[in-house]
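I went through helix packing, strand pairing and backbone angles in turn.

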Amino acid sequence: MKTYTVHRDYIARENSIIDIIHLDDFVDAQKFRVDNACINNGGWQSWNPCTETFPGKKQLPLTCFGIKQWNSYLVFPETKYKSSKNIILGQFISYLRWNDFYLFFVSVGNVTGTLPPVQFIFNRKENTVSIEICDKGNEWKTGDVTGRIEIFTADSYFEAREKLLSIFGNQHFDSISHLGNNPGGWESWYNHYANINQELVTEDLNKLVTTENIISKGNYSSRIFQIDDGWEQALGDWQIRKDRFKDGFTEITSKIENENYIPGLWIAPFIIDSRSETAAAHPDWLLRDEYGNLVSAGYNPLWGKDGTFYCLDLSRDEVISHLDKIIDTAINEWGFRYLKLDFLYAGMLYGNYHQKTASYKIYSRAIKTLTARKTNKLGKPVAYLGCGVPFELSFKYLPLSRIGCDTYEKWTNPLLRLIHWNGRNEAWLNVKDTLGHAMWDGIIFKNDPDVVFIRKDNCTLTDEQKYLIAGVGELFGSQFMYSDDPGKAGESEKYMTEKILSFANKYKNEEFGITQISENFYEIYSKSGKYKGSIDMGKNPMLKIDEVE
């Protein structure tokens, strides 16, 4: 394994290329070239599309048509580069693959320290890989280390995993050890979305523990019951809506604990609705650009005057103290021990910070502070789930994280496909992201692939699609969540429950590898050599595994 430590000997060149690597420094460039490689881009945050781009093909677009607020989601912050026929953009952990031979480019500056996130620019025409860092606003001194890049080859999928493990270790998983190897649970979002209240949530809990369902019947190391979006007064006003939860949360969390579930709660700490009470009371807390305009964090028709929501200025000490108090309240007053921290990429969107520095430093301080509580006031362990999370800056603090876009109760989302939005909620794209990050599971993150669907009502997924979603999550994920009404299980739901549980039990002790053969077809195989199979994401989605004779 060859190691690069990249130094900068000049001051404050923002978002610069700090090195250009020629492939012939590592491989036979006559045979192994960027233009004939399959390129895995890794992605910079949870919702980036992650798949292999095949020779001659363009990378999936990172911007969309029509909704400009979404274009800040997937583009590496402050980059000057765009993907094209000759340019593929990857981040954090990316590789080139030629059949079973891999050449990896891994940014390791945050394994033991805090350095800017890295983007790799794969140039097919020049046969080079350039290294770009996100450091706008930082000041460097001569000799400062600005990036650490590990470059290595591997002759197989499993050898690549072993080398990644040697780099990242597994100490960052200590904070979630109490969850065990296969936590499972229920969350409110994909059945009720934001339309939740005290009675509905309590009814779901009662049904979950009194009926036979995939969580009550499954062999999970721990169980989670998560209340998702809809409980808060407004985005940025993280107080309980009394019209929906008139008794607050302490009674509900006590009931959840008494049923041997871990109480979970969704919060999006870094974003805010400009109409919120918090924004009105503290307008200076909202991040602005150099021209005084609010920095957009995205679009949601339920949030913001015109659907636009904004970023908090995380460089302000009072903002960090405010957010830290919210986390403390959720844990030590309301009784939650599993917090889903969402839309975290907003902490990396650059603005005219109150304290002049780089966004990566601001984000790192904020996320370290918000995840500092490992136990509650009673000494019980606390866990955090990252979502919309900047991968490179977060794996140490949020080792359990979503590694793909939101899923959906439909296989495709035609409208959002039409505008080329590749951070869309969609079952097909969600599974593709899980497969693209399969190699990370248990090494970089405990991969959270999002929920499975078993229900028949309000769901157009076929049985084969449901089975494929669940099977991929079991093989290449470390958390199993679902969101259906557990009291509405008919014969078809019972059949699918038994089929998925049988799959999980059969392969629970096997480690699987994966090779992408084409855009929609993958080969899978067990490390033991006992099983091989395939995943078809095309017109007839299917997961198939056979025992090797």
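How many of the residues of α12 are buried? I looked this up before anything else, keeping in mind that the model is predicted.

**Entry: burial of α12**

I found α12 mostly covered, with ten of its ten residues buried. The list includes Trp 428, Asn 430, Lys 432 and Asp 433, so a residue here counts as buried at under 20% relative accessible area whatever its class. I then looked for what lies over the helix. The cover of its buried residues includes the helices α11 (414-418) and α13, and the strands β3 (38-40), β25 (512-518), β26 (521-526) and β27 (531-536).

**Entry: α12 against α13**

I took one of these neighbours further. I noted that α12 (residues 427-436) packs on α13 (residues 463-476) at an angle of about 20 degrees, and that the axes are 10 Å apart. That makes the two helices, α12 and α13, roughly parallel, because angles under 35 degrees count as such. I recorded the crossing of α12 and α13 as left-handed.

Which residues of α12 and α13 meet? From α12 I listed Ala 427, Val 431, Thr 434 and Leu 435, and from α13 Leu 468, Ile 469, Val 472 and Phe 476. By class, the residues of this contact are seven nonpolar, one polar and no charged. As a reminder to myself, an α-helix has 3.6 residues a turn, so residues three or four places apart point the same way.

**Entry: α8 against α9**

I found α8 (residues 317-333) and α9 (residues 359-370) packed at an angle of about 25 degrees, with axes 9 Å apart. The pair α8 and α9 is therefore roughly parallel. I noted that α8 passes α9 in a right-handed crossing.

On the α8 side the contact is made by Asp 317, Ile 320, Leu 323, Asp 324 and Ile 327, and on the α9 side by Arg 365, Ala 366, Thr 369 and Leu 370. I sorted the residues of the α8 contact with α9 into five nonpolar, one polar and three charged.

**Entry: strands**

In what order do the nine strands of the open sheet run? I wrote down β22-β21-β20-β19-β15-β12-β11-β24-β23, with parallel pairing. The edge strands, β22 (446-448) and β23 (451-452), each pair on one side only. Inside that order I checked β19 (residues 338-341) with β20 (residues 383-386), which pair in the parallel sense over four bridges. Tyr 338 stands opposite Ala 383 in β20.

I also looked up an antiparallel case. Four bridges join β17 (residues 296-300) to β18 (residues 303-311), and the two strands form a hairpin with two residues between them. Here Tyr 299 stands opposite Thr 308 in β18.

**Entry: positive phi**

Most residues other than glycine have a negative phi. I therefore noted the following exceptions. Asn 99 has a positive phi of about 55 degrees, and Asn 127 one of about 60 degrees. I placed Asn 99 in the loop between β6 (93-98) and β7 (101-107), and Asn 127 in the loop between β8 (118-123) and β9 (128-133).

Is Asn 99 buried or exposed? Asn 99 is exposed, with a relative accessible area of 65%. For Asn 127 I recorded a relative accessible area of 8%, so Asn 127 is buried.

Terms used. Residues numbered from 1 in each chain as written. Predicted model: local features only at pLDDT ≥ 70, side-chain atom pairs only at ≥ 80, totals over all residues. Heavy atoms only, no water. Buried < 20%, exposed > 50% of the residue type's maximum accessible area, 1.4 Å probe, protein only. Axes fitted to C-alpha atoms, helices over the stretch in contact; angles between N-to-C directions. Parallel < 35°, antiparallel > 145°, perpendicular 65-115°, else oblique. Left-handed = near helix turned anticlockwise from the far one by under 90°. Contact = heavy atoms within 4.5 Å. Nonpolar A, V, L, I, M, F, W, Y, C, P; charged D, E, K, R; others polar. Pairing = 2+ DSSP bridges.
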